[in-house]
Each structure stands twice: as structure tokens, then as C-alpha cells.
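Trainee: I would like a close look at one part of this model. Please take me through it, then show what surrounds it.

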Amino acid sequence: MNIKHFTIVILLLITGNFYGQHKPNKEKIKSLKVAYITEKLDLTSKEAQDFWPIYNKHEEQLETLRYRERTEVFSKLRNVEQLSENEVNKLLELHIFLKEERNKIEKKFISDIRKVISAKKTFVLIQTENGFKRKLIKQYRQKHPPRN
């Protein structure tokens, strides 16, 4: 068995073990994601050295944006019936603004990362991130089936 297959098997075992616990730890998820991305992209040491600072900055920017969405928009919409039409319109405008900011962040990230890795690896990265999210959701649903 080559090193790639071994790494994937280990990653799957760790992931399965990890999701047996009740509350996932952000740091554990992050380390699993890093391992998953590293495996899928097969970065050279030079690429990895340049890639991870850009990727980590991008993740921090997205987390800041998600935090703003949760605190400034969605938390206020829980009581939407108590809000005036004007207040809801302001929240919608903020929501649109934050979506536009997300798009700007994504465009800048892709522009920056393409200077470090090939266009093909950039696209593989996008697919890998989506694959990781689907994998997390699938494992969560297996451990927490819906109650009817």
C-alpha cells in the first residue's frame, strides 16, 4: 500500500473516531481539513510554504464574515415579526452587502492562490473543500439521524 492510500485510511479512521464524540472541536475539524486538502492537492514543499499562509488568511476572512452574518443579520431575524419593515429592509441590505464581500474575498483568494499553485490544483482545491463539507455533513447525519 503506498503512502497516499495509507494516509487516506488513517484520515478516515481518525475522522470516524472523531465524530463518535458529541461536540466536534473546531481545531480538530481544522486539522482534519488541512490533512484532507494536503492529501488531495499533493502540494510540493515550495507550494505548501506559499499556499498555507494565503489559505489561512482566506479562512480567517471568511470566518469573520460568517460571524458578522450570524450576529448582525441572522440573530436579529429570529424575531422577524417584531421588526419593522424598515428594519428588515436594512437587514436585507446588510445581507446583500455581506454576500458581495464574500464574493470579493473569494475572487481575491483565487487570484492570489493561482500565483502559488496551478489553475488545475486551484480547481481541485475548490472541489476538495466542497467534498470535505459533504463528508462532514454525511458523517454528522449518520451519527444524528433526524427524529420524526
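Where do Glu72 and Arg68 both lie, and how many residues apart are they?

Mentor: Glu72 and Arg68 both sit in helix H3, which covers residues 45-77. They are 4 residues apart, about one turn of the helix. Helices here are DSSP runs of H or I with at least four residues, strands are E runs of at least two, and numbering starts at the N terminus.

First, some ground rules. This is a predicted model, with residues numbered from 1 along each chain as its sequence is written; local features need a pLDDT of at least 70, and side-chain atom pairs count only at 80 or more.

Now the pair itself. Glu72 and Arg68 form a salt bridge, at 3.1 Å from N to O. That term means a side-chain nitrogen of Lys or Arg within 4 Å of a carboxyl oxygen of Asp or Glu. By this rule there are 9 salt bridges. Glu72 is partly exposed, at 26% relative accessible area. Arg68 is also partly exposed, at 28%. The scale runs like this: buried is under 20% relative accessible area, exposed is over 50%, and partly exposed is in between (1.4 Å probe, protein chains only).

Next, a link between helices. Arg102 and Glu69 meet in a salt bridge, also at 3.1 Å from N to O. This pair ties together distant parts of the chain: Arg102 is in helix H4 (residues 85-113), Glu69 is in H3, and 33 residues separate them. Glu69 is buried, with a relative accessible area of 7%.

Salt bridges link Glu63, Arg66 and Arg70. Within it, Glu63 pairs with Arg70, and their closest N and O atoms are 3.5 Å apart. Glu63 is partly exposed at 30%. Arg70 is partly exposed at 41%.

Beyond residues up to four places away in sequence, Leu65 touches Leu98, Glu101, Arg102 and Ile105 (contact means heavy atoms within 4.5 Å). Leu65 and Ile105 are 40 residues apart in sequence, yet their C-alpha atoms are 9.7 Å apart in space.

In soluble globular proteins, nonpolar side chains tend to be buried together. A nonpolar core is a set of buried Ala, Val, Leu, Ile, Met, Phe, Trp, Tyr and Cys residues joined through side-chain atoms within 4.5 Å. The largest one here has 10 residues, including Phe51, Trp52, Tyr55 and Ile117. H3 gives the most, with 3 residues. A second, separate core has 6 residues, among them Leu62, Leu65, Val73 and Leu94.

Finally, confidence. pLDDT is the predictor's confidence in each residue, from 0 to 100. The chain's mean is 85, and 83% of its residues reach 70 or more. Confidence is highest in H4, at a mean of 95, and lowest in helix H1 (residues 3-18), at 51. Over residues 17-22 the pLDDT is below 50, and this stretch has 13 contacts in the model beyond near neighbours in sequence.

Key. Heavy atoms only, no water.
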